Amino acid sequence: MASSAAVPFWRAAGMTYITYSNICANLVRKCLKEPFKAESMNREKVHFSLSKWADGKPQKPVLRSDAPEVSDF
Amino acid sequence: MLRQASRLISRSVTAASSKSVTARAFSTELPSTIDSTFVESWKKVAPNMDPPRTPSSFMKPRPSTASSIPTKLTVNFVLPYASELSGKEVDMVIIPATTGQMGVLPGHVPTIAELKPGIMSVHEGTDIKKYFVSSGFAFLHANSVADIIAVEAVPLENIDASQVQKGLVEFTQKLASASTDLEKAEAQIGVEVHSAMNAALSG
């Protein structure tokens, strides 16, 4: 059955709306003037650790962090 | 099994009503959101059982639409990290819907519009405030309330024209050299967003 609704080009390429929206927002943020650009990049920093579980035990965690590395000294 | 059904249904209804604040209202008056055609056809099929409540009967009735069109539009413009405008009364907003620039006046027909990257302007008397919106949605309600949500919205003065030009050139090149569908889509998005910013800055 051919799809009746006209899909936007990004959905036809397999992208979801959230991905599209986030890409647009990132592009706008990159084109801001200086103090606003730094503020928005700061605001959008993420820090999370993700581990898949198998056999009731967590496997090796994947860490995604935009926070600067903190030294022990 | 079916003999127990009406007891089970009325038991669960009384359990819910003893906890919820709307219980007292429900026991004495009929909520206006009961679907009468459903109730009638239920009674034809199972006259001895009380009809079950449907999700819509739990909803509060929708806010009533004023009989005359209000003079002002109430705008709620929110971003994920800030509430830009909250309950602000304005004369008109122009939103960048995917179907084109849409002017919203008080009394606009209820609409849900997906927004494309573009300029949103809020008109209050002679005062016009413009924002560049990256993408989002606009919900226009029957009572002249407009809820506009965007992921990123910046005043036009904060956009750097030289970076927009650079980005436009870069993405136009990427579009020409893209191979997979996904790369083409990303490059196309880049071209669209940068062209919109360009048009916003020059228009």
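Is A:Asp66 buried, partly exposed or exposed, and at what relative accessibility? At 31% relative accessibility, A:Asp66 counts as partly exposed (buried means under 20% relative accessible area, exposed over 50%, and partly exposed in between, with a 1.4 Å probe and protein chains only). This is a predicted model, in which local features need pLDDT of at least 70, side-chain atom pairs count only at pLDDT 80 or more, and totals for chains, interfaces and linings use all residues. Residues are numbered from 1 along each chain as its sequence is written, chains are lettered from A and ligands numbered from 1 in the order in which they are written, and side-chain values use heavy atoms, with hydrogens and water left out.

**Interface of chain A and chain B**

- Chain A gives 20 residues to the contact and chain B gives 29 residues (contact means heavy atoms within 4.5 Å).
- About 2200 Å² is buried between chain A and chain B, and carbon and sulfur atoms give 68% of this area (buried area is the accessible area, with a 1.4 Å probe, that two parts lose on being put together, summed over both).
- On the side of chain A, the most area is lost to chain B by A:Phe9, A:Val28 and A:Cys31, together 25% of what that side buries.
- Eight residue pairs, both at pLDDT 80 or more, are in polar contact across the interface of chain A and chain B (a pair of N or O atoms within 3.5 Å; within protein, one must be able to donate a hydrogen and the other to accept it, and residues adjacent in sequence count only if both atoms are side-chain atoms).
- Two or more residues each are given to the side of chain A that touches chain B by α1 (9-12), α2 (17-30) and α3 (34-43) of chain A (helices, H or I with at least four residues, and strands, E with at least two, are DSSP runs numbered from the N terminus).
- α2(A) provides the largest share of that side, ten residues.
- By class, the side of chain A that touches chain B has 14 nonpolar, one polar and five charged residues (Ala, Val, Leu, Ile, Met, Phe, Trp, Tyr, Cys and Pro count as nonpolar, Asp, Glu, Lys and Arg as charged, and the others, Gly among them, as polar).

**Salt bridges**

- Over all chains the structure holds eight salt bridges, and the count between chain A and chain B is two (a side-chain nitrogen of Lys or Arg within 4 Å of a carboxyl oxygen of Asp or Glu).
- A:Arg29 and B:Glu152 meet through their side chains in a salt bridge of 2.5 Å, N to O.
- B:Glu152 also forms a salt bridge with A:Arg43, with the closest N and O atoms 3.4 Å apart.
- This pair crosses between chains, from B:Glu152 in the loop between β9 (145-150) and β10 (153-155) of chain B to A:Arg43 in helix α3 of chain A.
- B:Glu152 is buried at 0% relative accessibility, whereas A:Arg43 is partly exposed at 31%.
- A network of salt bridges links A:Arg29, A:Arg43, A:Glu44 and B:Glu152.
- Within chain A, the side chains of A:Arg64 and A:Asp66 meet in a salt bridge of 3.8 Å, N to O, and A:Arg64 is partly exposed at 41% relative accessibility.
- Within chain B, B:Glu124 forms a salt bridge with B:Lys72, the closest N and O atoms being 3.2 Å apart.
- B:Glu124 lies in strand β6 of chain B and B:Lys72 in the loop between α4 (55-58) and β1 (73-79) of chain B, so the pair ties together parts that are 52 residues apart in sequence.

**Helices**

- The 14 residues of α2(A) should span 20 Å at 1.5 Å a residue, and the end C-alpha atoms of α2(A) are 20 Å apart, which agrees (the expected span is 1.5 Å times one less than the number of residues).
- Buried residues of α2(A) include A:Tyr17, A:Tyr20, A:Cys24, A:Val28 and A:Arg29.
- Helix α6 (residues 181-202) of chain B has 22 residues and reaches 31 Å from its first C-alpha to its last, close to the 32 Å expected.
- The buried residues of α6(B) pack against α1 and α2 of chain A together with β6 (118-124), β7 (127-133) and α5 (161-177) of chain B.

**Buried strand residues of chain B**

- B:Ser121 is in strand β6 of chain B and is buried, with a relative accessible area of 7%.
- The side chains of B:Ser121 and B:His123 are joined by a polar contact of 3.3 Å.
- B:Leu115 is in strand β5 (residues 111-115) of chain B and is buried at 0% relative accessibility.
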